[in-house]
Amino acid sequence: MTDALTVDNVSFSYGRARVLRDVSFRVDEGEIVTIIGPNGAGKSTLLNVIARSHKLRKGSVSVGGADTSGMRQAGVVRAGLVLVPEGRQVFSTLSVADNLQLGGYTHRKEHKRLVEEVYGYFPRLFERRDQLAGTLSGGEQQMLAVGRAYMSEPSVMLLDEPSLGLSPQMTAQVMAVLGKLRRERGLTIVLVEQNAHAALELADRGYLLNGGEFVLEGAAADLRDDPMIRHIYLGGAASSDPVAPSVEAALEKELTDDEA
Amino acid sequence: MDVLMQLLLTALATGALYGAIGIGYVIVHRLSGMVNFAMGDIAVAGAFGAVVASAMMPPLPAILVGAIVGGLVSVVMYHLTIHPLRHQSLMVQTIVTLGVGIAIRSLLQLMFGTGPKQFAPITDGPAFDILGGAIPQQSVWLIAIAVVGYIGLALFFDRTLAGKALSAFSVNSYAAGIVGISLTGMATIAFALSGAIAGGVLAAQVPTSFITAGAGVALGLKGFIAAILGGFDKLGLTLVGGVLVAFVEVAFARFVDAAQAPTVVFALLIVLLIVRPQGLTRKVAADRV
Amino acid sequence: MSDITTRTRPVLSWKHAAAAIAWIVAIVVFASATNGYYAGLGASVGILALLGLGMVLVTGYAGQFSLAVGAFYGIGAYGSTLLTVKFGWYGLLALVLAALVAGAVGFLLARPLFRLRGHFLAMATLALTEVFYLLVNNADFTGGSTGLGGIRPLELFGFAFTTSQSHMILNWMIVGIVLWGTLMLRNGREGRALLAIRGHEAAAAAAGINIASSKARVFTASAVISAIGGSLYAHQVMYVNPPPFGLATAIDVLMIAVLGGMRSPWGAIVGAIVLEALQLGIEAVLPGILGSAAVGAGQQLVVGLLLVLILVVRPDGVVGAIGALSRSIVRRRGEAEAATTEEVEASAPSTDMAAIRRAEDDEPARRFGDTVLTAQGLVKRFGGVKAVNKVSLDIREGEVLAVIGPNGAGKSTLVNLLSGNLTPTSGTVRLGDVDTTHLRAHQVARHGLARTFQTPCLFEGMDVEATVKVGAHLRGSVGMLRSSVPTLGSVKEERRLAEETALVLARLGLAHLADRDAKALSLGQQKQVEIARALVSRPRVLLLDEPCAGLNKQEKAALMRLLRELGREGLAVLVIEHDMEFVMASADRVHVLNFGATLRVGSPEQVQGDQAVIDAYLGVSHENEPVTTANVAVVPKKRRKR
């Protein structure tokens with residue numbers, strides 16, 4: 001069975017800074033995978049490179065078996081991969097309905113059916129369909145961003161920190177909708193989050209990105225309790241927590257291995 | 001009162017022209033933050049297209065040809081000179097438009113000479129008398145064409161998907177890319193519309209005065225003032241701004257000194273830029289330098 | 001001819017004297033050897049070169065797009081004409097007065113004009129030139145469109161400049177002087193300031209440069225130079241009419257600058273010669289093809305097309321192309337050097353930052369000094385969003401304070417409020433006992449605050465030494481004139497600034513990179529250059545905005561050690577960072593922000609163990625079980641690819 005998404009040896013530099021170093025991973029159809037990590041780890045850049053907002057110079061990306069490495073962004077969207085960007089990035093001076101219509105820019109023929117499905121998942125958007133997107137609350141804008149992405153009939157949806165600036169309740173709602181979309185539509189989801197706990201509750205599998213490379217991967221349930229995560233985020237925790245010597249030794253090794 | 005009415009009527013027609021050129025600036029600026037210094041010359045190129053066409057067809061279709069020529073020249077300009085520089089600073093892109101403007105102007109001069117050109121108006125007949133002022137029939141046509149063009153553009157931006165995509169691109173080009181809207185497609189549309197409205201309306205003015213190859217500089221400056229008054233954003237206010245500029249110009253010419261009227265208008269441009277760069281709008285004009 | 005500023009050489013060396021003599025000799029020889037026609041051409045090219053130099057100053061050095069040259073050129077020409085013809089003034093006096101008038105107009109208009117940016121400024125200055133043209137064209141006392149004639153030749157101590165050869169020599173002498181001044185300026189304090197403004201205005205302001213004032217001064221200088229060109233033109237041609245002072249000339253001068261590459265004064269000379277040659281070529285060729293009436297338009301067409309072509313193909317012009325060629329030869333040598341640098345660093349001492357800090361804490365406890373920076377109740381609203389919500393903090397001399405928080409917590413906004421890059425919606429900032437709340441960035445810098453930026457803000461075309469020296473701007477006082485015409489005082493000051501710069505470069509291990517292009521360095525080195533630039537101004541408070549992003553282990557450890565040293569020397573340091581290991585090792589106190597508000601302030605250990613902080617970063621967990629050995633599974637780790 002072909003993967004819904006294959007990312008192979010992707011590297012990326014901003015000028016002189018190496019942000020991504022040979023990142024590879026695969027996602028099966030209908031899986032929810034989360035990529036967590038501290039700030040500056042490269043998570044946003046990774047999603048932007050996969051979605052072709054940035055140029056892909058090193059490595060390759062395939063969506064549903066089709067190689068999207070050389071495509072332009074519009075082509076990637078047509079191939080079935082869409083990004084819900086960090087900070088929502090809705091078209092603030094246009095209405096909710098217009099935002100959704102633009103989301104379906106590459107799938108104009110299916111517009112009517114798709115927009116009905118979006119309103120079905122997000123009744124609040126239907127209520128506010130003539131309102132300017134910039135006047136919506138943060139949570140509503142997040143819903144709009146997801147709905148807008150849905151309008152391109154994607155098979156893979158990438159989300160960049162959807163919980164940013166949202167209350168815990170709102171975050172839970174967003175996560176719930178994502179779960180629904182996976183269950184009912186078979187949508188494959190890659191979720192980048194700083195909020196590790198919420199993401200690991202929703203996801204099947206997870207990766208920990210630090211310094212531009214994956215330092216940890218596994219089933220979400222296992223990662224949830226891994227002290228390495230807390231250490232990477234806040235530093236120093238390993239020395240004060242009672243952990244197994246083998247894990248501690250492994251943590252030490254990670255620190256000394258982490259070089260240029 | 002008669003005099004005032006006459007001035008108003010003249011200003012309406014000339015102002016519609018300035019406003020149309022201003023709209024040309026605004027459409028391109030909304031897209032990328034760039035000021036197209038060749039705007040006036042593109043309009044002149046369109047007008048000359050109409051002049052050439054007028055030898056083969058009646059005035060109204062010739063004016064349409066003028067609009068098409070203006071749009072074409074604008075699109076070619078984008079693809080040859082601006083698109084290759086899209087990763088350079090806005091400054092470089094702006095200087096290039098200066099060069100293109102000169103090139104168009106001098107090319108027209110080489111092709112058509114420096115003398116004035118004209119063609120017949122759409123309808124022949126006496127000028128309309130309105131409240132003591134006279135307005136030539138062709139000027140009414142001009143205003144009508146400008147208004148129709150404005151309404152068409154407004155409908156385009158508000159109702160069509162392509163128009164909304166253009167607006168979306170101006171608001172957030174990153175997000176526009178994410179939904180699959182491409183810069184090249186949007187830019188082509190923007191430049192085409194910009195050249196078409198400026199060229200078409202200028203072509204409509206030719207029968208009531210005339211056109212020369214070098215008219216682009218002054219027209220470009222006056223259209224720029226109209227664009228400033230519209231905050232480089234609102235099409236309707238740009239039209240209004242154009243009428244305001246025209247009114248100041250004709251009033252000064254009538255009551256003070258006809259020769260120095262353009263000078264005053266240009267000086268007003270400088271003052272306006274310094275004192276009130278957002279023009280008639282309330283917000284501050286975004287300058288993406 | 002490279003446009004990278006080089007290390008400060010002894011300012012008045014024999015090389016300069018030799019160059020000056022060579023210049024004079026060349027001009028005299030050329031002028032004497034040619035006939036009247038070519039000498040006249042040469043004189044005209046000289047005036048063009050002068051105008052080009054003026055444009056290089058404003059648009060090349062300071063990066064401001066101005067087309068006002070036509071107006072100032074005209075003020076000079078018409079000014080000299082009116083004064084000598086209508087009022088019988090002595091030629092030289094008239095020239096000086098006209099130049100002063102142009103300077104005054106330039107100075108008055110500068111501040112309002114330079115509030116405009118980019119194309120708005122270009123349009124405004126374009127309108128200015130058009131206004132001047134129309135004014136003289138329509139006024140009677142300037143002769144209207146016919147113009148004024150009967151201008152007598154310029155006289156200097158009884159010698160009358162009547163022949164074309166004498167014009168050529170005079171014009172090119174003046175060109176030589178202005179060229180000298182422009183080249184000297186680039187290496188002087190004010191020249192660095194201008195290049196810094198062009199390179200990155202925020203960084204220039206952070207170094208204490210008063211941007212508005214610098215722009216005004218260079219605009220005035222350019223106006224004066226253009227006016228002198230106008231006066232020379234009037235006395236040479238002995239007749240003035242409107243056309244040479246309109247838009248066409250402004251575009252020609254722009255063309256010269258673009259041809260020459262904008263940034264190099266030599267480019268103005270090259271550009272003027274090339275343009276004149278082009279115009280002549282067209283004059284010779286075109287009449288045969290399209291008739292003599294086509295010459296004007298034909299020349300214009302070529303100028304327009306050339307402008308487009310150069311910008312599309314080679315935006316840095318002829319001189320830039322030559323410079324790039326010579327740099328590519330130098331680069332190969334440079335690459336070998338880069339390799340050796342990294343090898344040396346690889347054998348550096350321990351990178352275990354926590355251990356380094358523990359060792360330091362064994363020393364006798366340090367006491368911190370007075371409070372140098374206080375922020376009270378800072379609020380910053382952007383539209384409906386509160387980016388910073390009632391944040392108060394203070395730092396004492398010798399203290400390292402880290403500001404941390406999850407993404408979007410308002411850390412960068414806070415730093416911008418402290419440094420004057422943003423004005424708070426409410427709240428106050430004090431540096432020492434000075435209220436700096438509403439001061440702008442360059443004024444805050446004057447009170448002893450220096451900062452770095454999240455991404456290194458380096459200046460195009462400046463080497464490491466010059467970049468760092470910009471930071472010493474406030475430690476000098478030499479202005480534009482003394483930068484161009486080196487006096488004893490300015491030479492001494494340059495030397496002192498060079499020494500201070502060298503000290504800081506040595507401290508940060510950058511001494512061997514002093515003459516490399518700053519933008520060619522690695523990210524870690526660029527960040528060090530930024531820090532060096534901030535340190536050289538001897539600030540009381542240092543703000544670092546995410547200094548660790550993109551650095552490797554060694555670089556971070558070295559930075560951590562540097563911060564601890566700076567603290568011991570009494571500097572107050574505020575660091576925004578994400579790298580927790582770095583923060584815990586380098587900070588004395590930690591200030592945690594979340595959603596724009598203060599969440600917790602305390603020692604690194606206190607903050608690390610605080611549950612609220614952990615929740616903010618990792619999100620709230622629903623199973624609040626302590627982590628024990630029982631439920632930790634060893635997770636297969638990903639092997640790093642080589």
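Visitor: What counts as buried?
Guide: This is a predicted model. Burial is judged from C-beta atoms placed from the backbone, counting those within 10 Å of a residue's own. A residue is buried if the number of other C-beta atoms there is 20 or more.

Visitor: What percentage of the residues in chain C is buried?
Guide: Chain C contains 24 helices and 14 strands. It has 642 residues, and the buried ones make up 53%.

Visitor: Which element gives the largest share of the side of chain C that touches chain B?
Guide: On this interface, 36 residues of chain C contact 37 residues of chain B. Helices α4 (91–113), α5 (118–138), α10 (247–260) and α12 (295–313) of chain C supply at least two residues each. The largest share is 13 residues, and it comes from α5(C).

Visitor: How many residues on that side of chain C are nonpolar?
Guide: The side of chain C that touches chain B includes three charged and six polar residues. Its nonpolar residues number 27.

Visitor: Which elements of chain A give two or more residues to the side that touches chain B?
Guide: Here 23 residues of chain A contact 15 residues of chain B. By class, the chain A side has nine nonpolar, nine polar and five charged residues. The elements giving two or more residues to it are α2 (73–78) and α3 (96–103) of chain A.

Methods: Residues numbered from 1 in each chain as written. Chains lettered and ligands numbered in written order. Predicted model: local features only at pLDDT ≥ 70, side-chain atom pairs only at ≥ 80, totals over all residues. Contact = placed C-beta atoms within 7 Å. Helix = DSSP H or I, 4+ residues; strand = E, 2+ residues; numbered from the N terminus. Nonpolar A, V, L, I, M, F, W, Y, C, P; charged D, E, K, R; others polar. Buried ≥ 20, exposed ≤ 12 C-beta atoms within 10 Å, placed from the backbone.
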